[in-house]
Amino acid sequence: KHKDPQLLDNSTALFADMLRRVFGSRVMGPDYPAVRKIQNVYLKQIRLKYEKDASDKQVKDSISQLMDTFYQNVGFKSIRINIDVDPA
């Protein structure tokens, strides 16, 4: 989430690339959801599908490490990443 659509596009593309380096082709997006903007904030989503027998803890730890690396970029500190496990 972010108020600047250009910054959001750039940051989600980078984060998706970071995820692809770890999870490969199981990463889909980034794409705009059906509702692109809520209360003046733009939204984008990246989906990650992984096997049911994969360790949830390892996946969570990997994503957490990638988020830490992502937020080291000062320009992306205002981007908000929300994790939704098993979205409908």
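Two residues are in contact when they have heavy atoms within 4.5 Å of each other. The exercises below apply this and a few other cut-offs to a predicted model.

**Exercise 1. Contacts of F70**

Task: Find which residues F70 touches, not counting residues up to four places away in sequence, and state whether F70 is buried or exposed.

Solution: 
- Step 1. Locate the residue: F70 belongs to helix α2.
- Step 2. Leave out residues up to four places away in sequence; F70 then touches S11, L14, F15, M18, F76, I79 and I81.
- Step 3. Along the chain, F70 and S11 are 59 residues apart, and their C-alpha atoms are separated by 8.6 Å.
- Step 4. Buried means under 20% relative accessible area. The relative accessibility of F70 is 2%, so F70 counts as buried.

**Exercise 2. Aromatic pairs**

Task: State how many aromatic pairs a search of the whole structure finds, and classify the pair F70 and Y71 and the pair F70 and F76.

Solution: 
- Step 1. A pair of aromatic rings is described by two values, the distance of the centres and the angle of the planes.
- Step 2. The search of the whole structure gives three aromatic pairs.
- Step 3. For F70 and Y71, the ring centres are 5.3 Å apart and the planes stand at 70 degrees, so this pair is edge-to-face. Both F70 and Y71 are buried.
- Step 4. For F70 and F76, the distance is 4.9 Å centre to centre with 10 degrees between the planes, and the pair is stacked. Planes under 30 degrees apart count as stacked. F70 and F76 are both buried.
- Step 5. One aromatic cluster is formed by F15, F70, Y71 and F76.

**Exercise 3. The largest nonpolar core**

Task: Name the residues of the largest nonpolar core that touch the most other members, and the element that gives the most to this core.

Solution: 
- Step 1. The largest nonpolar core has 14 residues, and those that touch the most other members are F15, L19, F23, I63 and F70.
- Step 2. Two or more residues of this core come from each of the elements α1 and α2.
- Step 3. With six residues, α2 gives the most to this core.

**Exercise 4. The largest pocket**

Task: Describe the space in the largest pocket and the residues that line it.

Solution: 
- Step 1. The largest pocket holds about 1200 Å³ of space.
- Step 2. Its lining has 33 residues, and I46, N82, I83, D84 and V85 are the closest to the centre of the pocket.
- Step 3. The elements that give two or more residues to this lining are α1 (5-23), β4 (45-48) and α2 (56-71).
- Step 4. The largest share of the lining comes from α2, with seven residues.
- Step 5. Sorted by kind, the lining has 18 nonpolar, five polar and ten charged residues.

**Exercise 5. Backbone angles**

Task: Find which residues a cis peptide bond joins, and where phi takes a positive value in a residue other than glycine.

Solution: 
- Step 1. The cis peptide bond joins G29 and P30, with omega at about 10 degrees. P30 is placed in strand β1 (residues 27-31).
- Step 2. Among the residues other than glycine with a positive phi are Q39, near 50 degrees, and N40, near 70 degrees.

Technical notes
Residues are numbered from 1 along each chain as its sequence is written. This is a predicted model: local features need pLDDT of at least 70, side-chain atom pairs count only at pLDDT 80 or more; totals for chains, interfaces and linings use all residues. Side-chain values use heavy atoms; hydrogens and water are left out. On a 1 Å grid over the protein atoms alone, a cavity is a set of points where a 1.4 Å probe fits but cannot get out, and a pocket is an open set with protein on both sides within 12 Å along at least five of seven lines; lining residues have an atom within 4 Å of a point. Grid points are joined across faces, edges and corners, and a volume is the space filled by probe spheres set on the points. Helices (H or I, at least four residues) and strands (E, at least two) are DSSP runs, numbered from the N terminus. Ala, Val, Leu, Ile, Met, Phe, Trp, Tyr, Cys and Pro count as nonpolar, Asp, Glu, Lys and Arg as charged, and the others, Gly among them, as polar. A nonpolar core is a set of buried Ala, Val, Leu, Ile, Met, Phe, Trp, Tyr and Cys residues joined through side-chain atoms within 4.5 Å. Buried means under 20% relative accessible area, exposed over 50%, partly exposed in between (1.4 Å probe, protein chains only). Rings of Phe, Tyr and Trp (its six-membered ring) pair if their centres lie within 6.5 Å; planes under 30 degrees apart count as stacked, over 60 as edge-to-face and the rest as tilted.
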